[in-house]
Structure formats: structure tokens, C-alpha cells
Amino acid sequence: MEKTLSLQTPLRYTQIHRYKQPDKRMKHSMKWSAAIFAAGLVLCSPAAAEQKGAATAPATKTTPTAAAEKDAKPKRDTYPLYGEVVSINATTLVIKGGVDKPNRTFVLSKDTEIVDGDKAAKVSDVKTGHWVGGLIKKVEKGDDQLLKLNVGVKQKKP
């Protein structure tokens, strides 16, 4: 005898599908999912991490000097330039020093790049009293070398 379904009564799972119980494959996959989740919790627990870290950590000496060497940043051999031009010629640029400080002198070489914003410029474009920016390379002996000079920088307001 077949049951007839009326449209007014809601359909139940057992009435739509031929199985009265959930699929066996679904039960099996739920069991495996639960087992994998439990294993992950055990392996990722703090106690397991401490044991693993202690077993794999190499024995190293930590001395204050070793830590200082690791934290020390390598010294840069270049630094930025921004200042007012006191004088310039084909080989040197003199920038006004700060309050109670002497003027700074930099050496121009054939490799010095002189620009005005995005365009190329010449030494003759640099005028006394203009503000310039650039990049300086430290030199052990003598005046520092000018790597790049930008004539088109904004001027400081007095």
C-alpha cells in the first residue's frame, strides 16, 4: 500500500528519501572528521609544542655581544642632503651649515647626477642661495662625495 501525500502536510526526510537512517558514508566521514580534529588538538597543544621545541632546539650560546651584533643595523654609507647653496663650481659644492656650525663641503665627480625634478640639469643651473637636495656618499678621508643633486626642491620658509 502506498501512502499518498497531500500538499498541505509538510514532508519529512523519511518520506522523501528511501533510507530511514542517515547515509552510512556520512556517519563514517563524521567519525573520521572528529578523530582528525581530536588529533590536531593534541598535537597543537602548548605542552606538545614545548616538548617539540625542546627536542629540536639546538644548544646555542647566548651572550650579550652576540645579541648586540644580531640587533645592530649595518651602517649606511649614504645619507640625504638638503640645504642652501653657499657656492658651487665644477668640483665642489658648499652648503650652509646650521646655527653655529661650519659650512659643509662636498665633492662633485664625473658620476654626479644633477637633476631638476625629473629633467636633467647642469652645474650652471645651481645658483647661490637656492635650496637643493640630494644623496651623499661617505668617504673615509676628505670631503664626502655628492652622488645626486636635485635643484628642483621646495625651499624652506624662513
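**Reading the model**

Guide: Proline 80 lies in strand 1, where helices (H or I, at least four residues) and strands (E, at least two) are DSSP runs, numbered from the N terminus. This is a predicted model, in which local features need pLDDT of at least 70, side-chain atom pairs count only at pLDDT 80 or more, and totals for chains, interfaces and linings use all residues. Residues are numbered from 1 along each chain as its sequence is written, and side-chain values use heavy atoms, with hydrogens and water left out.

Visitor: Is proline 80 buried or exposed?

Guide: Buried means under 20% relative accessible area, exposed over 50%, and partly exposed in between (1.4 Å probe, protein chains only). Proline 80 counts as exposed because its relative accessibility is 59%.

Visitor: Which residues does proline 80 touch, not counting those up to four places away in sequence?

Guide: Contact means heavy atoms within 4.5 Å. On that basis, proline 80 touches Gly134 and Leu135. Proline 80 and glycine 133 are 7.4 Å apart in space, C-alpha to C-alpha, and 53 residues apart in sequence.

Visitor: How many residues has the largest nonpolar core?

Guide: A nonpolar core is a set of buried Ala, Val, Leu, Ile, Met, Phe, Trp, Tyr and Cys residues joined through side-chain atoms within 4.5 Å. The largest has 14 residues, and Ile95 is among those with the most contacts inside it. Strand 3 gives the most to this core, with 3 residues.

Visitor: What pLDDT does the chain average?

Guide: pLDDT is the predictor's confidence in each residue, from 0 to 100. The chain averages 77, and 64% of the residues score at least 70.
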